[in-house]
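I opened the model today to look up its core, its surface and its charged pairs. My entries are below.

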Amino acid sequence: MARDLNTNTLFVEQAPETIEKGDAGKNLDDDGRPKRTGTLVTASAHIITAVIGSGVLSLAWAIAQLGWVAGPIVLIVFSFITYFTSTILADCYRSPDPITGKRNYTYMDVVRANLGGVKVQLCGIAQYGNLIGVTIGYTITASISMVAVRRSNCFHKHGHEATTCNPSNYPFMIIFACIQIVLSQIPNFHKLSWLSILAAVMSFTYASIGVGLSIARVAGGAHARTTLTGLTVGVDVSSSEKVWRTFESIGDIAFAYAYSNVLVEIQDTLKSSPAENKVMKKATFVGISTTTLFYVACGCFGYAAFGNDAPGNFLTGFGFYEPFWLIDFANVCIAIHLIGAYQVFCQPVFGFVEKWCHKRWPESKFITSEHCIDVPLYGIYNLNLLRLVWRTIYVIITAVIAMVFPFFNDILGFLGAASFWPLTVYFPIEMHIARTKIPKFSFTWTWLKILSWACLMVSFVAAAGSIQGLIKQIQKYKPFETN
């Protein structure tokens, strides 16, 4: 039996208007939408799932490029910048008042309410371009982790020097895409809490395993060569390679903290009491402080274990071979985490397109109708044909792109550099200045502008380093060539 669905926000599906007036206050929020049920725990889980991801796997490599002095400093600096800009972005969820104002359901809505003009379109390009890029990157990373399980077992059986332990990534990208096609039928962000909590647990697990293995390697007497300034020019790399790698590593670290592109959508899942901005700030503190501890531990212990030869992905790059079963378990955890993280980042894209389709063709039954299906072991599922077709096509396209460009470190750095400044720094600062009416050339206005321009420079140099790395990879890579 089909029923029409009126979707006026990215993530909240509207139930039929069958609620009696006397019960409306019990079932609806102040904006007339179904009551949100998100809490500090679920918001923190969403943040951790979004933040701790493939970025943590490259931090030992990034520290190796920067050394003991600059490496940890850059990690801490990015964590403080991300925390600060995230808290001022949280105050923009409602406008003009951060507690009683009108809700803004997406990042674009927030920019529209506070800045307006062409900046809304620029925000959309930056946000959704980044979200699409992240889902492609996660497809690549998940397949690498899946392949690492097979390679680990092969190395254990045939020896660490075996030349036959190089299975292709492509079948595993297809497996990952098939899983995502199913999970993509989860209607909206509000239904993802269980998946985010599972993914957060997985991220803690594999990060802890990586730290533990690194500590064990150091305690076991491994003497890796480390330096205060990272790779040594003339010994490890040439002077130009040192510069480019330094730029690229900054991009990796920037990406490791990026979640502003889904912050507003996460905040839109929170209950209205206590105030959403206050809960979101607490969740941001929990998420950023927790991930910073893991990042510093993974980066520093990984560098101590491998030194200047740290692999780009220290769990799948086979810096560790034994115990093989623990390496397998860690890589399975990575894959499970990225399955959940993929959904966190693609749901805003799904919602944006579906909202546009609802506005463009409001009378189309293909778009608006839902069909109730009794699914064994699940119950009643509301099938929407637009959701089924569009989301399946999206997953397939991202998987194909991932197969064509499987360059892990370079893609990672470019995504971080491209999205860090506009989404994490520029728009939050500009909206904060506009919302609080900070006078031009005042002390606060000046240091906020200095912070913004400094981060823009960081994004430029990081993007340059990543593009240079991508060019080198493309020159020697043949699409769809198996290992």
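The entries run from the overall counts to single residues.

**Basis.** I worked from a predicted model, in which local features need pLDDT of at least 70, side-chain atom pairs count only at pLDDT 80 or more, and totals for chains, interfaces and linings use all residues. Residues are numbered from 1 along each chain as its sequence is written, and side-chain values use heavy atoms, with hydrogens and water left out.

**Overall.** I looked up the secondary structure and found 15 helices and five strands; these are DSSP runs numbered from the N terminus, helices being H or I of at least four residues and strands E of at least two. Of the 483 residues, 58% count as buried. Buried means under 20% relative accessible area, exposed over 50%, and partly exposed in between, with a 1.4 Å probe and protein chains only.

**Core.** The largest nonpolar core has 117 residues, and Tyr107, Ile253, Tyr259 and Tyr295 touch the most other members. Such a core is a set of buried Ala, Val, Leu, Ile, Met, Phe, Trp, Tyr and Cys residues joined through side-chain atoms within 4.5 Å. Helix α11 (residues 324-360) supplies the largest share, 16 residues. A second, separate core of seven residues includes Ile144, Tyr170, Ala402 and Met403.

**Met173.** I then checked Met173, which lies in helix α6 (residues 170-183). Met173 is buried, at a relative accessible area of 0%. Leaving aside neighbours within four places in sequence, its contacts include Ile140, Ala402 and Met403; contact means heavy atoms within 4.5 Å.

**Asn104.** I found Asn104 in the loop between β3 (102-103) and α4 (107-114). Asn104 is buried, with a relative accessible area of 5%. A polar atom of its side chain lies 3.2 Å from the backbone oxygen of Cys92. The side chain of Asn104 also has a polar contact of 3.2 Å with that of Ser95. A polar contact is a pair of N or O atoms within 3.5 Å; within protein, one must be able to donate a hydrogen and the other to accept it, and residues adjacent in sequence count only if both atoms are side-chain atoms.

**Salt bridges.** I counted 17 salt bridges, each a side-chain nitrogen of Lys or Arg within 4 Å of a carboxyl oxygen of Asp or Glu. Arg103 pairs with Asp29, the closest N and O atoms being 4.0 Å apart. This pair links distant parts of the chain, with Arg103 in strand β3 and Asp29 in the loop between α1 (24-27) and α2 (40-51), 74 residues apart. Both Arg103 and Asp29 are buried.

Asp30 forms a salt bridge with Arg94, with closest N and O atoms 3.0 Å apart. Is Asp30 buried or exposed? Asp30 is exposed, at 56% relative accessible area, whereas Arg94 counts as buried at 3%. Arg36 and Asp31 meet at 2.9 Å, N to O, and Arg36 is buried at 4% relative accessibility. Salt bridges that share partners join Asp29, Asp30, Asp31, Lys35, Arg36, Arg94, Arg103, Asp268 and Glu276 into one network.
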